[in-house]
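Subject: Structure handover

Hello,

Here is the structure for you to look through. My notes on it follow below.

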Amino acid sequence: MRINGKLVGICLMGAVGVGAITAWAAGGEPVPNQLKDPDQRIVLQLPPDERHMVLEEMRNFVVAIQEIADGLARDDFEQVATAARTMGSGAANEIPPRVVNKLPETFKQLAGKVHTTYDAIALDAGSMADTQLALEQLGDLYGYCVACHATYQIEKIPFPDEK
Ligand code: HEC
């Protein structure tokens, strides 16, 4: 969709803009050797347990997408709705506030869009059973995945008590 095209464009520009100066960790410290690193996305620094929570949620996004695609291929809209619901706004609360509070505003907004798009897929699959609509919604969803991946990377830092 055009809206997403725009969104991706803006985020890519944001990432390039940051990279052109230098990349900074979320905490405001310059990242060592960052200028040599071809990966110029904004670095979010998280200890192992918090990074794990975020990445585990990412992998669950893929699980839900796989089940949605499989359901659509077989006109099984109940499976589509159930899979989408697992990653809807209810699931957003799985990342505790102490971790969410460390994440930048744009990151939180994009994550919010992902969850509300899963909500929409679940609701509409249940009430309309329209494959074309679900595919459009998946297109929107991927737009948010792409935008965020183009902008951020996560660096694993030591647990606070190991510093
Ligand atoms: C709000 C930002 C954001 C959104 C939205 C987002 N991701 Fe991610 N995702 C990340 C970041 C940051 C990483 C870590 C990338 C890195 O460090 O290179 C990541 C990593 C991943 C990984 C790798 C997981 C692992 O175990 O290493 C997968 C798979 C993934 N995302 C899938 C998705 C899918 C599918 C969507 C959309 C439904 C999505 N993500 C949406 C930020 C996001």
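How many helices and strands are there in the protein? There are six helices and two strands. Helices (H or I, at least four residues) and strands (E, at least two) are DSSP runs, numbered from the N terminus. From the N terminus on, the order is α-β-α-α-α-α-α-β.

Two points on reading this. Residues are numbered from 1 along each chain as its sequence is written. The model is predicted: local features need pLDDT of at least 70 and side-chain atom pairs count only at pLDDT 80 or more, while totals for chains, interfaces and linings use all residues.

Overall fold

The protein has 163 residues, and 19% of them count as buried. Buried means 20 or more other C-beta atoms within 10 Å of a residue's own; exposed means 12 or fewer; partly exposed is in between; C-beta atoms are placed from the backbone. Take the contacts between residues at least 6 apart in sequence: 69% of them join residues at least 24 apart. Two residues are in contact if their C-beta atoms, placed from the backbone, lie within 7 Å.

Ligand

The shell around the ligand holds 18 residues, of which Met 58, Phe 61, Cys 145, Cys 148 and Gln 153 come nearest. Here a residue is near a molecule if its C-beta atom, placed from the backbone, lies within 6 Å of it. Helix 2 (48-73), helix 5 (105-127), helix 6 (131-151) and strand 2 (152-156) each give two or more residues to this shell. Helix 2 gives the largest share, six residues. By class, the shell has 15 nonpolar, two polar and one charged residues. Nonpolar covers Ala, Val, Leu, Ile, Met, Phe, Trp, Tyr, Cys and Pro; charged covers Asp, Glu, Lys and Arg; the others, Gly among them, are polar.

Helix packing

Helix 3 (residues 77-86) packs with helix 5 at an angle of about 155 degrees, their axes 8 Å apart. Axes are lines fitted to C-alpha atoms, for helices over the stretch in contact, and angles run from 0 to 180 degrees between N-to-C directions. Helix 3 and helix 5 are therefore roughly antiparallel. That term applies to angles over 145 degrees; under 35 is roughly parallel, 65 to 115 roughly perpendicular, and the rest oblique. From helix 3, Phe 77, Val 80, Ala 81, Ala 84 and Arg 85 make the contact; from helix 5, Tyr 118, Ile 121, Ala 122, Ala 125 and Gly 126 do. This contact has eight nonpolar, one polar and one charged residues.

Helix 2 and helix 3 also pack, at about 165 degrees with axes 8 Å apart. They are therefore roughly antiparallel as well. Ala 64, Glu 67, Ile 68, Asp 70, Gly 71 and Leu 72 of helix 2 meet Phe 77, Gln 79, Val 80, Ala 83, Ala 84 and Thr 86 of helix 3. The classes here are seven nonpolar, three polar and two charged.

Single residues

Leu 46 lies in strand 1 (residues 42-46). Leu 46 is partly exposed, because 19 other C-beta atoms lie within 10 Å. Leu 46 and Lys 156 are 110 residues apart in sequence, yet 5.4 Å apart in space, C-alpha to C-alpha.

Asp 75 sits in the loop between helix 2 and helix 3. Its phi is positive, about 55 degrees, although Asp 75 is not a glycine. Asp 75 is exposed, with 10 other C-beta atoms within 10 Å.

Best wishes
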